[in-house]
Amino acid sequence: MPTGSITADPAASMPSAVKIPKTNAARLLEGLHIPFSLHRADVDEDDLSAVSMARKLGAEPERVFKTLVARGDKSGVLMACIPAAAELDLKALAAASGNKHAEMVPLKEVRPLTGYIRGGCSPLAGKKVYPVFIDQSAAAHDHIYVSAGLRGVQLQLRPGDLLRAAHGTYAPLIRSAD
């Protein structure tokens with residue numbers, strides 16, 4: 001995968017000549033010489049779920065990672081990247097981040113904290129640098145998708161490259177099916 005390649009979603013109902021905007025997350029990856037590709041899909045304001053995005057990308061939900069913003073009682077704000085269909089285990093996130101407790105940040109605080117809006121929150125190049133925890137299942141895939149920082153725009157890259165760019169940590173973060 002070449003550094004900074006751009007690919008339109010072939011299933012999207014837009015001409016392939018539509019330019020995908022380059023985001024700060026993409027610029028960060030370019031600056032680190034990390035290979036990635038940008039992918040665009042139509043946005044349904046009524047369904048901003050990562051599972052819906054996976055469907056539009058033609059990707060398995062296990063390979064599309066959503067970025068959630070939480071707050072630990074000791075560390076403060078942190079980000080968790082988990083598979084599209086999974087549910088974040090806040091106790092596991094707290095343990096991985098050295099906190100006793102962690103809770104989701106209220107949606108109204110996400111943009112002021114990160115610079116990103118719901119459905120377009122990237123673990124990269126936010127308003128501030130926060131600790132990033134990536135569910136360990138990412139390591140099982142050759143490439144994964146994460147938000148590029150805009151609704152409907154995704155980065156595809158190797159999980160290890162995301163880990164490096166985000167200065168992240170792999171950890172078990174999702175609730176088991178039990």
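Predicted model: local features only at pLDDT ≥ 70, side-chain atom pairs only at ≥ 80, totals over all residues.

Colleague: Fine. Is Asp47 buried, partly exposed or exposed?

Modeller: Asp47 has a relative accessible area of 27%, so it is partly exposed.

Colleague: What does the side chain of Asp47 meet in a salt bridge?

Modeller: Arg55, with an N to O distance of 3.9 Å. Arg55 itself is exposed, because its relative accessibility is 57%.

Colleague: How many salt bridges does the structure hold?

Modeller: There are 7. Side chains of opposite charge can pair when their charged atoms come close.

Colleague: Which residue forms a salt bridge with Glu60?

Modeller: Arg63 does, and the closest N and O atoms are 3.4 Å apart. Glu60 is partly exposed at 39% relative accessible area. Arg63 counts as buried, because its relative accessibility is 17%.

Colleague: And what about Glu30, which side chain does it meet in a salt bridge?

Modeller: That of Lys22, at 2.8 Å from N to O. Both partners are partly exposed: Glu30 has 26% relative accessibility, and Lys22 has a relative accessible area of 34%.

Colleague: Switching to helices. Which residues of H5 are buried?

Modeller: H5 covers residues 159–166, and its buried residues are Pro159, Asp161, Leu162, Ala165 and Ala166.

Colleague: Why do they line one face of the helix?

Modeller: Look down the axis of H5. The buried residues fall within an arc of 160 degrees, so they sit along one face.

Colleague: What happens to phi just after H5?

Modeller: His167 takes a positive phi there, of about 50 degrees.

Colleague: Last topic, Ser37. Where is it found?

Modeller: In strand S2, which spans residues 37–40.

Colleague: Buried or exposed?

Modeller: Ser37 counts as buried, because its relative accessibility is 3%.

Colleague: What does its side chain join in a polar contact?

Modeller: The side chain of His39, with a contact of 2.7 Å.

How values were computed: Residues numbered from 1 in each chain as written. Heavy atoms only, no water. Helix = DSSP H or I, 4+ residues; strand = E, 2+ residues; numbered from the N terminus. Buried < 20%, exposed > 50% of the residue type's maximum accessible area, 1.4 Å probe, protein only. Polar contact = N/O pair within 3.5 Å; in protein donor to acceptor, adjacent residues only side chain to side chain. Arc of directions from axis to C-beta. Salt bridge = Lys/Arg side-chain N within 4 Å of Asp/Glu carboxyl O.
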